[in-house]
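Hello,

Here is the structure we talked about. My notes follow below it.

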Amino acid sequence: MSDNLRRYRAIREALTQCYPGQPSGTVARHLITLAALISGIVGSKSTQLPHIATKVPDGTKPESRVKRFARWCDNAHILEEVYFLPYADVLLRHLALQTVVLVMDGSGVGRGCTALMLHVVYKGRALPLAWRVRQAPKGHFPEDLHIAVVALMREVIPAGAKVVFLGDGEFDGTALQATLNEAGWSYACRTAMSTVATWEGETFRLDTLGACSKPGTLIALQLRIDAL
């Protein structure tokens, strides 16, 4: 048995077993195509359809596979609620037995778009859970979109799970921090050194505090919700 066939069968069986209920009809056919896509991506280490098609063992010509995959991607009935979130739910329910580490970042994607991504960290890998894409050059997303992605994940992560949210300086908004506090999540985000803080009645910039502190010093600053 070839590696491509072994990998495809393992992925197809896993998708079928983890799906809620017994998939049948159109859903079952779409899951077979999804298994082929995943297997081809893993085998080719590419997300370009012609490359994926060369690693899918279904007996048809690569050109036919490319058309089949393109139709699947363009199908308006292929919804994340049906073909993605059920698997994200299974993954998170298992990971929630320990601390769930989420990482949010933004990056440029194809055709001049930018994607805001929320990942879960698993065995040193960042697995995408939720995303928002907009037509714009690479740059910061507005804070309301950060909050919208967090709100979406709150509906999927099991109640009572211990969650840690990580992000860079783009995600230091006070409204996002208030949302994370409300969710009961811990978080660690970089922030601009020009940010002004108040400590024991004294107001100062964070770069001043850093210059006066020894390496490795930890300082707790409380978020003022009334200042939002």
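Is C73 buried, exposed or partly exposed? C73 is partly exposed, because its relative accessibility is 48% (buried is under 20% relative accessible area, exposed over 50%, partly exposed in between; 1.4 Å probe, protein chains only).

A word on the source. This is a predicted model, where local features need pLDDT of at least 70, side-chain atom pairs count only at pLDDT 80 or more, and totals for chains, interfaces and linings use all residues. Residues are numbered from 1 along each chain as its sequence is written, and side-chain values use heavy atoms, without hydrogens and water.

Cysteines. The whole structure has zero disulfides (cysteine sulfur pairs within 2.5 Å). For C73, the nearest cysteine sulfur is that of C113, 15 Å away. C113 is buried, at 15% relative accessible area.

Core. The largest nonpolar core has 24 residues (buried Ala, Val, Leu, Ile, Met, Phe, Trp, Tyr and Cys joined through side-chain atoms within 4.5 Å). L92, L102, M104, M153, F165 and W185 touch the most other members. A second, separate core holds 17 residues, including I11, I52, F69 and I78.

E170. This residue is buried but has no salt bridge (a side-chain nitrogen of Lys or Arg within 4 Å of a carboxyl oxygen of Asp or Glu). R134, the nearest side chain of opposite charge, is 6.5 Å away (Lys and Arg count as positive, Asp and Glu as negative; His and the chain ends are not counted). A polar atom of the E170 side chain lies 2.7 Å from the backbone nitrogen of F141.

Best wishes

Conventions
Polar contact = N/O pair within 3.5 Å; in protein donor to acceptor, adjacent residues only side chain to side chain.
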